[in-house]
Amino acid sequence: MTMKKSMKNENGFTLIEMVISILVGSILAAAVTPIIRSTVMSYETATTVTEAFQASRIAYNRMLSELRMIPSTASVTAISSGGITFTDRDGNSVSYSTGNYRLLRNGFMFAENVTAFTIVPRDTAGAALTPTAQDPDVWSYEVLMTVTVRTGNDPSSVEFKGQVTPRNF
């Protein structure tokens, strides 16, 4: 009888209390896990899309800078709605074109996930001209580039649109 009395006065948890607390903790962990997983996946998707768009924007801005430095309309050796080839002020041939969802500079990948790319020559009034090499009527170039990043089943797109007037035209 003294043994029963001394066990009742002991501090601590019973086996039932321990099992119930483990069970409650497991239920809470199971409820929170999908929320954490969803948050991590959303963060990774947003990071991937942001990095792709930033890299494309940098490539696009560099291309506009190079177009701005074309020495003259005679330096444009080839142009189509999907590409341009010109000689820069140092005498180097520079070519921009697309292929396999990439913007290529001199045949090397310059930007990825490019789903549309168009160069439109414009005259002094802003009217579109037919792309023709060494056209003296060209005053500026409108450059449109669409980048689409797929993450799972959800595509995210951004369109870059700018007009550049080469300094020496």
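1. R105 and E66 are both buried, where buried stands for under 20% relative accessible area, exposed for over 50% and partly exposed for what lies in between, with a 1.4 Å probe and protein chains only. The model is a predicted one, in which local features need pLDDT of at least 70 and side-chain atom pairs count only at pLDDT 80 or more, whereas totals for chains, interfaces and linings use all residues. Residues are numbered from 1 along each chain as its sequence is written, and side-chain values rest on heavy atoms, with hydrogens and water left out.

2. R105 and E66 are joined by a salt bridge whose closest N and O atoms are 2.7 Å apart, the term being used for a side-chain nitrogen of Lys or Arg within 4 Å of a carboxyl oxygen of Asp or Glu. Because R105 belongs to strand β4 (residues 102–105) and E66 to helix α2, this pair ties together parts that are 39 residues apart in sequence. Helices (H or I, at least four residues) and strands (E, at least two) are DSSP runs, numbered from the N terminus. By the salt-bridge rule, the count comes to 5.

3. A further salt bridge is formed by the side chains of R122 and E142, at 2.7 Å from N to O. It links distant parts of the chain, R122 being in strand β6 (residues 114–122) and E142 in strand β7 (residues 140–151), 20 residues apart.

4. Since E142 lies in strand β7 and K161 in strand β8, the pair ties together parts that are 19 residues apart in sequence. Elsewhere, salt bridges that share partners join R62, E66 and R105 into one network.

5. As to overall architecture, the chain has 2 helices and 8 strands, and from the N terminus on its elements run α-α-β-β-β-β-β-β-β-β. The radius of gyration is 31 Å, well over the 15 Å that the globule rule gives for 169 residues, so the chain is more spread out than a compact globule; this radius is taken over C-alpha atoms, and the rule is 2.2 Å times the number of residues to the power 0.38. Along the principal axes, the C-alpha atoms fill a box of roughly 115 × 30 × 25 Å.

6. Of the 169 residues, 30% count as buried. The chain exposes about 11,200 Å², of which carbon and sulfur atoms supply 56%; accessible areas come from the Shrake-Rupley method with a 1.4 Å probe, and for residues only the protein chains shown count as cover. Among contacts (heavy atoms within 4.5 Å) between residues at least 6 apart in sequence, 48% join residues at least 24 apart.

7. The whole structure contains 3 aromatic pairs. Rings of Phe, Tyr and Trp (its six-membered ring) are paired if their centres lie within 6.5 Å, and planes under 30 degrees apart count as stacked, over 60 as edge-to-face and the rest as tilted. One of these pairs, Y96 with F110, is edge-to-face, at 5.7 Å centre to centre and 65 degrees between the planes. The pair links distant parts of the chain, with Y96 in strand β3 (residues 93–99) and F110 in strand β5 (residues 108–112), 14 residues apart. Y96 and F110 are both buried.

8. On the surface, I16, I20, V24 and L28 form a nonpolar patch with about 390 Å² of accessible area together. Patches are made of residues with over 30% relative accessible area and no salt bridge, like charges being joined within 9 Å and nonpolar side chains (Val, Leu, Ile, Met, Phe, Trp, Tyr) within 5 Å. I20 is found in helix α2 (residues 15–68) and is partly exposed, at 48% relative accessible area.

9. T165 is found in the segment after β8 (154–164) and is partly exposed, with a relative accessible area of 35%. Leaving aside neighbours within four places in sequence, T165 is in contact with R68, W139 and S140. T165 and E142, 23 residues apart in sequence, are 8.8 Å apart from C-alpha to C-alpha.

10. Finally, R150 in strand β7 is exposed, with a relative accessible area of 60%. Its C-alpha atom is separated by 9.6 Å from that of T48, 102 residues away along the chain.
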